[in-house]
Amino acid sequence: MSKVTQITHPLILHKLALIRDKHTGSKDFRELVEEVAMLMAYEVTRNLQTEDVEIETPICKTTCKMLSGKKVAIIPILRAGLGMVGGMIKLIPAAKVGHIGLYRDEATLKPVEYFCKLPQDIGEREVIVTDPMLATGGSASDAITILKKKGAKNIRLMCLIAAPEGIKTVTEIHPDVDVYIASIDEKLNENGYIVPGLGDAGDRLYGTK
Ligand code: PRP
Ligand code: URA
C-alpha cells in the first residue's frame, strides 16, 4: 500500500503561502517552486541507501557514509513538473532527468500524452516523478503507468499541492508508489482546479496567461 507523506516544515509552509498568493509573479513563483522542491527532496530521498567509504581528512583516515546502490532519475511531468527539477538537481547532481509530456484536456480533464524521453537504464534507478499539482490524479497516474511500461520499478511521486481525489486515484491505481506532498487541500472545483490551490501551475511558472 502507498505511503502518503505530508511534509510540513515551517520553511515549506511559508514558501507555499507565497506561491499560492495571486500577487506573486512568474519570477518569484519559479524561484519559490524550485526552493520548495529542494526542501522536499530532503525528505523524499530520506531512505536512499548509503555505504561506508574510507576517506582521509587533513587530520586522519576515517570511515564516512556516501550514497550507494541505485542511482536516481527525476521525471518531471511537462510543463509544470519542470519547475521542480532545478531544486532537485542541485541536491542530486548525478541524477538523470527524463521528461513525460502530458496536458489535461480542458473539457474532459483527461490527460493527453505528447512526449516521452527517459533514461535508458530507467529500470535500475530510483525514480522520482515531479509535478506541483495532483488534482484528479489522472496525469500522475498515466505518467507512472508510462514509466512502468518502460521498465521503471521503484517510483515515488512528489507534488506541492494535492486534492484528496488525486491522492485516492494515484494510490489506488499504483499502491506500490509512495507519495510526498507539501499540502493536502480541500477539494476540486467544478473545473477540476484545486481549492484553494494556486491556480494553473504551468501558466504561473511560464507566464502563459
Ligand atoms: C497540470 C499539472 C498536472 C495536471 C494535474 O498540468 O501540472 O500535470 O494539471 O491535473 P490532474 O491531476 O487532474 O491530471 P496541465 O495539464 O495544466 O499542463 P501544463 O503543466 O503544461 O500547464
Ligand atoms: N492543474 C493546475 O495547474 N492547477 C490545478 O489546480 C489543477 C490542475
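Tutor: A term to begin with: helices, written H or I with at least four residues, and strands, written E with at least two, are DSSP runs numbered from the N terminus. Also keep in mind that this is a predicted model.

Student: OK. Which helix and strands each supply at least two residues of the shell around ligand 1?
Tutor: They are E6, strand E9 (133-134) and helix H4 (138-149).

Student: And which residues come nearest to ligand 1?
Tutor: There are 15 residues around ligand 1, and Arg104, Asp131, Thr136, Gly137 and Ser139 come nearest.

Student: What do the side chains do there?
Tutor: Arg104 has a polar side-chain atom 2.7 Å from an oxygen atom of ligand 1. For Thr136, a polar side-chain atom lies 2.6 Å from an oxygen atom of the ligand. In Ser139, an N or O atom of the side chain is 2.6 Å from an oxygen atom of ligand 1.

Student: How much of ligand 1 does the protein bury?
Tutor: The protein buries 91% of the 500 Å² that ligand 1 exposes when taken alone.

Student: How do the shell residues of ligand 1 divide by class?
Tutor: Six are nonpolar, five polar and four charged.

Student: Moving on to ligand 2. Which residues surround it?
Tutor: Ligand 2 has Arg104, Met133, Ala135, Gly192, Tyr193, Ile194, Gly199, Asp200 and Ala201 around it. By class, that shell has five nonpolar, two polar and two charged residues.

Student: Which backbone atoms lie 2.8 Å from ligand 2?
Tutor: A polar backbone atom of Ile194 is 2.8 Å from an oxygen atom of ligand 2. Gly199 has a backbone N or O atom 2.8 Å from a nitrogen atom of the ligand. Ala201 has a backbone N or O atom 2.8 Å from an oxygen atom of ligand 2. The protein covers 88% of the 240 Å² of accessible area that ligand 2 has on its own.

Student: Where does ligand 2 sit?
Tutor: Ligand 2 sits in the largest pocket.

Student: Different topic. How many aromatic pairs does the structure hold?
Tutor: It holds one aromatic pair. The ring centres of Tyr103 and Tyr114 are 6.1 Å apart and the planes are at 35°, so the pair is tilted.

Methods: Residues are numbered from 1 along each chain as its sequence is written. Chains are lettered from A and ligands numbered from 1 in the order in which they are written. This is a predicted model: local features need pLDDT of at least 70, side-chain atom pairs count only at pLDDT 80 or more; totals for chains, interfaces and linings use all residues. Side-chain values use heavy atoms; hydrogens and water are left out. A residue is near a molecule or strand if one of its heavy atoms lies within 4 Å of it. A polar contact is a pair of N or O atoms within 3.5 Å; within protein, one must be able to donate a hydrogen and the other to accept it, and residues adjacent in sequence count only if both atoms are side-chain atoms. Accessible areas come from the Shrake-Rupley method with a 1.4 Å probe; for residues, only the protein chains shown count as cover. On a 1 Å grid over the protein atoms alone, a cavity is a set of points where a 1.4 Å probe fits but cannot get out, and a pocket is an open set with protein on both sides within 12 Å along at least five of seven lines; lining residues have an atom within 4 Å of a point. A molecule sits in a cavity or pocket if more than half of its atoms lie within 2 Å of its grid points. Ala, Val, Leu, Ile, Met, Phe, Trp, Tyr, Cys and Pro count as nonpolar, Asp, Glu, Lys and Arg as charged, and the others, Gly among them, as polar. Rings of Phe, Tyr and Trp (its six-membered ring) pair if their centres lie within 6.5 Å; planes under 30 degrees apart count as stacked, over 60 as edge-to-face and the rest as tilted.
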